[in-house]
Amino acid sequence: MSQAITPILLTPGPLTTSERTRRAMLRDWGSWDADFNQITGRIRQRVLDIVHGQGTHECVPMQGSGTFSVEAAIVTLVPRTGHVLVPNNGAYCARLARICKVLGRRLTTIDYSEAQQVSPADVDRALAADPSITHVALVHCETGAGVLNPLHEVAQVVARHGRGLIVDAMSSFGAIEIDARKTPFDAVIAASGKCLEGPPGMGFVIARRSVLEQCEGNAHSLALDLYDQWVYMQKTTQWRFTPPTHIVAALDEAMTQYIEEGGLPARGGRYARNCKALIEGMRALGLRSYLDEGLQAPIIVTFHAPVDPAYEFKAFYQEVKKRGYILYPGKLTQLETFRVGCIGHFGEAGIPGAVAAVAEALKAMGVKQVSEPEMA
Ligand SMILES: *Cc1c(COP(=O)(O)O)cnc(C)c1O
């Protein structure tokens, strides 16, 4: 049974892709084939172009969802005797910390609330206090609540202390600037199915070449060994194990459209307009966003759930879905919230359409009171 309409995904990966991108998946490729390996090579170059990392950095793709690439980066770039500092302001930071634990890497965290930004001064203090810390692992946009962390400032601090920086830039890469010439990092991690608007199924690690060269034998994982993946790819132009061929072809097509659109400024600008229209439209319905404006990344917005007892997320989700939009549940531990993504290939009518769908859905559910009365 097919749905009457294909809904617009307002979720931060998987997200709505263009028809052109989806059509690129309609043929099969052999993994040994030179034409296919040229596509892989082109993606690697274009990814480096986005961060201005040509000559200094290497893009190593990895099969799997984004987390596979995060784990590959940690297990390969952090020596087994390493010590990782994770400033933690949300669910994806907590996942990074968990990866370190599972891999047996020594871990220290700086804990924040989900409504706070990571503070470069705190990182500075932690690094000064503990010389055994070898790496800082930072989430750029914490997709849990939607906070943008101060990557550039943290990178300056980490560089000043001579430690390594590993950045989970999964939900910001391609939309929020990261410039390797100005912002020092050992590794930036991203994936196909976020701001580059490809389908999900592969990630990549942009690693400083001089760092990667020293990582042989660090990984105690066969499949997630980035060093081996890199060396094999340099030697053969092929992926070490079966590549996600259709995803690679579709990401290549998505990146062509990214460049046609005007690259990072255009992509980031479109998402910022979506984000502004979303927050304003929802505010007009009485729905308040969770974060202070200055901390909000233009990627995903967390909203307080309506206070009316007639509200319930599952029913709300179904009502909005009937109207053509897929929302995302909240990821906060303390508060009842829901989230709406600003990223993906949908036109300027997407956000106003979603806001209208939310208004109709609440009405259909009999939700009258959406927020607490304003304090006098
Ligand atoms: C999406 C995302 C990931 C990866 O999640 P997967 O489900 O493994 O794709 C990691 N970090 C952040 C910040 C993300 O937004």
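This is a dialogue on how to read a few features of one predicted model.

Reader: Which residues have the most contacts inside the largest nonpolar core, and how many residues does this core have?

Author: As a general idea, nonpolar side chains in soluble globular proteins tend to be buried together. In this predicted model, the largest nonpolar core has 46 residues, and those with the most contacts inside it are Val123, Leu165, Phe173, Phe204 and Ile206. Among the elements that give two or more residues to this core are helix H2 (34-51), helix H5 (120-129), strand S10 (202-208) and helix H9 (245-261), and the largest share, 7 residues, comes from H2. Apart from this core lies another, of 35 residues, which includes Val60, Ile99, Ala137 and Val211.

Reader: Which residues is Val123 in contact with, leaving aside its neighbours within four places in sequence?

Author: With those neighbours left aside, Val123 is in contact with Leu85, Pro87, Ile110, Val118, Val136, Val154, Val157 and Val158.

Reader: Which residues of H6 are buried, and what do they pack against?

Author: The general idea is that an α-helix has 3.6 residues a turn, so residues three or four places apart point the same way. In H6, the residues Leu151, Val154, Ala155, Val157 and Val158 are buried. Because these residues cover an arc of only 160 degrees around the axis, they are placed on the same side of H6. The buried residues of H6 pack against H5, S5 and S8, and H6 is followed by Gly162, whose phi is positive, near 70 degrees.

Reader: What is the order of the strands in the open sheet of 3 strands, and is the pairing parallel or antiparallel?

Author: In general, strands of a sheet pair through backbone hydrogen bonds, either parallel or antiparallel. Here the open sheet of 3 strands has the order S11-S14-S13, and its pairing is antiparallel. Strand S11 (300-304) and strand S13 (328-329) stand at the edges, each with a single partner strand, and therefore one side of each is left without a neighbour in the sheet. Between S11 and strand S14 (residues 337-341) there are 5 bridges in the antiparallel sense, and the bridge partner of Phe303 in S14 is Phe338.

Reader: Which helix lies across S11 and S14?

Author: Helix H10 (residues 263-284) lies across these two strands, running at about 10 degrees to S11.

Reader: Which residues does the UniProt annotation cover?

Author: According to the unreviewed UniProt entry, the annotation "domain: Aminotransferase class V" covers residues 31-303. In the model, the end C-alpha atoms of residues 31-303 lie 44 Å apart, and the span is 42% helix and 18% strand.

Definitions and conventions
Residues numbered from 1 in each chain as written. Predicted model: local features only at pLDDT ≥ 70, side-chain atom pairs only at ≥ 80, totals over all residues. Heavy atoms only, no water. Core = buried A, V, L, I, M, F, W, Y, C linked by side-chain atoms within 4.5 Å. Buried < 20%, exposed > 50% of the residue type's maximum accessible area, 1.4 Å probe, protein only. Helix = DSSP H or I, 4+ residues; strand = E, 2+ residues; numbered from the N terminus. Contact = heavy atoms within 4.5 Å. Arc of directions from axis to C-beta. Pairing = 2+ DSSP bridges. Axes fitted to C-alpha atoms, helices over the stretch in contact; angles between N-to-C directions. UniProt positions renumbered as here; feature names shortened; annotations may be inferred.
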